[in-house]
Amino acid sequence: SQHLATDRGLSPHTVRAYSADLRLLAVHTDDPRAVTLTTLRTWLADMADDGTAASSIQRRVACVRGFFAWAVREGFLDGDPALRLVAPKRARRLPKVLSHGEIDDVMASASTRLAESDDPLAARDRAIVELLYSSGLRISELTSIKIRDVDAEQRTVRVMGKGAKERSVPMGAPAANAVAAWL
């Protein structure tokens, strides 16, 4: 667990999920040194037959690949049985998005509220809506933005994305104006 959290930088949620996945594998086999590619494929097939979601199976494949690679690297095993283990393909679903009309309604509502009030929360809300709309930020990225992350001159925002990767995203003029009004 400590290796996953500190060395690989995985979230506590992922560490818990990986721990549970390894416990499931332990139930399937008594000795990790006796695990073969066939053992792993049978384990995955049993999960698929039981109705386990493809996304869960993919996570478990990633987990056992990482575990066996670590065990080989640390000298606990001579060979990696998960080296050629392939996860099932998962159907990619498109995210649900608002229609143009719905976006216009949200933007009009935020504009009306801002125009009718000197409330700083209204200005903040307008900046939030404008940033989400113009920059395509994830909610988690938006909530972690600090004032120092906003470059008003370049009209960019520096955000920490998935996997603790930093990226710079452009913001449109209305978003830049809304952020400036809030600040």
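Which residue forms a salt bridge with R124? The partner is D125, and the closest N and O atoms of the pair are 2.7 Å apart. R124 is partly exposed, with a relative accessible area of 32%. The model shown here is predicted.

This pair is one of several. The structure holds eight salt bridges. Side chains of opposite charge can pair when their charged atoms come close. Another such pair is E141 with R138, whose closest N and O atoms are 2.8 Å apart. E141 counts as buried, at 0% relative accessibility. R138, by contrast, is partly exposed, and its relative accessible area is 38%.

A further salt bridge joins the side chains of D21 and R59, at 2.8 Å from N to O. D21 is buried, with a relative accessible area of 1%. R59 is partly exposed, at 29%.

Now follow D21 back to its helix. Helix 2 covers residues 12–28, which makes 17 residues. At 1.5 Å a residue, helix 2 should span 24 Å, and its end C-alpha atoms are 25 Å apart, which agrees. Which residues of helix 2 are buried? They are V15, A17, Y18, D21 and L25. Seen down the axis of helix 2, these buried residues fall within an arc of 165°, so they line one face of the helix. An α-helix has 3.6 residues a turn, so residues three or four places apart point the same way. The face of helix 2 turned away from the buried side carries the exposed residues P12, H13, R16, R23 and V27.

Three strands form an open sheet in the order 1-2-3, with antiparallel pairing. Strand 1 and strand 3 (166–170) are the edge strands, and each pairs on one side only. Two bridges join strand 1 to strand 2 (residues 156–160). V150 has V157, in strand 2, as its bridge partner.

Last, look at the surface. I147 sits in the loop between helix 7 (139–143) and strand 1 (150–151). Is I147 buried or exposed? I147 is exposed, with a relative accessible area of 59%. Together with W182 and L183, I147 forms a nonpolar patch on the surface. The three residues have about 340 Å² of accessible area together.

Technical notes
Residues numbered from 1 in each chain as written. Predicted model: local features only at pLDDT ≥ 70, side-chain atom pairs only at ≥ 80, totals over all residues. Heavy atoms only, no water. Helix = DSSP H or I, 4+ residues; strand = E, 2+ residues; numbered from the N terminus. Expected span 1.5 Å × (residues − 1). Buried < 20%, exposed > 50% of the residue type's maximum accessible area, 1.4 Å probe, protein only. Arc of directions from axis to C-beta. Patch = residues over 30% accessible without salt bridge, like charges linked within 9 Å, V, L, I, M, F, W, Y side chains within 5 Å. Areas by Shrake-Rupley, 256 points an atom, 1.4 Å probe, with all protein chains shown as cover. Salt bridge = Lys/Arg side-chain N within 4 Å of Asp/Glu carboxyl O. Pairing = 2+ DSSP bridges.
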